[in-house]
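Here is a short note to read beside the model. Please keep the sequence and the 3D view open as you go through the points.

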Amino acid sequence: MGLCGLVGAVIAAAPAAPVATAENACSEGVLVSSIRLEGLEHTNARVVERELLNGAGKPYSSQDFEKEKLRLQDLDLFTEISVSCEQASGEATSQTLVYRFKEIFRWIPAPAGKKTDRDGLMIGLALANLNVAGEDIRAEVQYRTSTDPFLDNNEYAFYASSPYMFGIPLGWNFEFLRTDSYDDIRNVDDDSWLVDLDLDYAVLKHFSILLTGAFRYLNFDGGRKLPEYGFGFDIDYRDRELDTRKGFYYEYMLTHVGSGEEDYWEILNDARAYYPLGRFVTGATALFRYRPGDVERYDYYYHGGANTFRGHESDSLHLGVHEALLTLEERFVLMERHAASVWGINFFYGIQLVAGLDGSLLWDKGTPGWDDYEGAVYGGLHLVIPALDRIRLEVGYSPDKGEPVYYFGLFDKTTSARWRSR
């Protein structure tokens with residue numbers, strides 16, 4: 001089925017939005033006597049309760065419900081979240097708050113896909129559980145191979161992540177990756193192993209401490225062992241993590257990579273700001289990475305493709321030790337998030353039109369100049385979905401290239417730009 005047919009089938013499968021009635025509407029400012037959660041078949045109640053702002057003994061606030069609804073949507077566990085209230089007969093001073101959920105699909109035995117600027121479209125098989133033990137732990141094993149040339153580039157991976165660890169707000173992300181492919185951008189065999197663990201501890205409501213540790217083994221020149229460790233912080237005032245509409249995010253990371261022949265520090269700054277006006281959402285993002293020390297060619301940054309610079313394809317002519325990626329994007333929400341169900345599988349989707357400007361800076365030494373800068377315009381359509389965040393269909397144009405380039409990408413570019421080689 002083509003993409004248009006798929007989108008049409010999804011839209012047709014969407015149920016009508018539920019209509020609130022006066023009988024079950026919640027009264028603003030009336031005391032909540034108790035809370036009841038309905039529809040949690042595979043999710044533990046505490047996963048939901050730690051995101052709630054309304055609670056027993058507090059006056060009900062519809063504004064707080066809108067905030068907690070966004071927090072619950074960020075868990076990527078539910079296709080529908082609604083609230084209603086029940087009042088005891090003759091009782092007008094308190095009410096029972098009833099949250100209703102429709103859970104997203106949990107197990108996904110399915111084809112696995114990945115789109116990178118280096119390997120192009122990769123396909124394979126995957127088995128994922130989006131909610132292990134009902135604790136909002138996501139785990140996935142997968143095998144992927146390149147489509148062109150077919151079966152030449154292979155990747156075996158295991159991923160696991162969660163925003164909590166042992167009930168405390170310590171987000172963690174674990175990754176194991178085995179790669180056996182040829183990197184035709186940097187002209188090197190990528191016969192490597194990677195183990196990575198990232199931690200994110202929420203010290204304050206909008207402030208987190210970040211820690212990272214990784215180990216890579218590269219199987220060439222007698223084998224190279226590359227340890228990594230780093231620390232940093234982020235300031236997060238976004239209204240939501242997925243499909244952000246308003247607010248800003250800033251992250252700083254200082255990471256040391258390697259030993260021996262390759263030995264360098266990486267200074268990372270990642271800034272994002274968003275502002276809505278009706279159905280329009282304006283976003284400005286800047287990713288800056290500076291690496292003093294000895295960086296080998298197999299770790300050079302590249303620009304070009306859906307995940308970096310949408311003005312030309314990636315190639316060995318666009319490599320550098322340091323990088324800056326700048327984007328100014330306008331999104332038009334053509335269709336807000338809708339819940340749907342096909343063959344008993346619950347999911348959600350939304351459709352957005354996008355247009356924007358990309359800026360690229362790549363350089364090796366000193367201070368970058370205009371000769372290191374490239375610019376492009378782009379536009380396209382984004383399909384917002386669970387698990388992958390979004391599917392991006394885009395076309396870019398750079399005056400230096402002189403012709404349009406068509407792109408297919410997964411995840412938001414702010415995510416894929418950070419992890420595009422993995």
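1. **Surface.** Accessible areas come from the Shrake-Rupley method with a 1.4 Å probe; for residues, only the protein chains shown count as cover. The protein exposes about 20,600 Å². Carbon and sulfur atoms supply 60% of that area.

2. **What you are looking at.** This is a predicted model, in which local features need pLDDT of at least 70 and side-chain atom pairs count only at pLDDT 80 or more, while totals for chains, interfaces and linings use all residues. Residues are numbered from 1 along each chain as its sequence is written, and side-chain values use heavy atoms, with hydrogens and water left out.

3. **Overall make-up.** The protein has 4 helices and 22 strands. Both are DSSP runs numbered from the N terminus: helices are H or I with at least four residues, strands are E with at least two. Of the 422 residues, 47% are buried, meaning under 20% relative accessible area with a 1.4 Å probe, protein chains only. Contacts are heavy atoms within 4.5 Å. Among contacts with a separation of 6 or more, 53% link residues 24 or more positions apart.

4. **Cavities.** Where is empty space left? Rolling a probe the size of a water molecule over the atoms shows this. A cavity is a set of points, on a 1 Å grid over the protein atoms alone, where a 1.4 Å probe fits but cannot get out. Grid points are joined across faces, edges and corners, and a volume is the space filled by probe spheres set on the points. The whole structure holds 4 cavities of 30 Å³ or more.

5. **Lining of the largest cavity.** Lining residues have an atom within 4 Å of a point. There are 26 of them here, and Thr285, Thr327, Asp412, Lys413 and Thr414 are the closest to the centre. Elements supplying at least two lining residues each include S13 (262-277), S18 (322-342) and helix H4 (413-416). Which strand gives the largest share of the lining? S14 does, with 7 residues.

6. **Strand S14 and its neighbours.** S14 covers 280-290. Its covered face holds Val281, Gly283, Thr285, Leu287 and Arg289. Strands pair if DSSP finds at least two bridges between them. S13 and S14 run antiparallel, joined by 11 bridges. They form a hairpin with 2 residues between them. Gly278, in the turn, has a positive phi of about 65 degrees. S14 also pairs with S18, again antiparallel, over 10 bridges. There, Ala284 stands opposite Leu328.

Note on methods: Buried means under 20% relative accessible area, exposed over 50%, partly exposed in between (1.4 Å probe, protein chains only). On a 1 Å grid over the protein atoms alone, a cavity is a set of points where a 1.4 Å probe fits but cannot get out, and a pocket is an open set with protein on both sides within 12 Å along at least five of seven lines; lining residues have an atom within 4 Å of a point.
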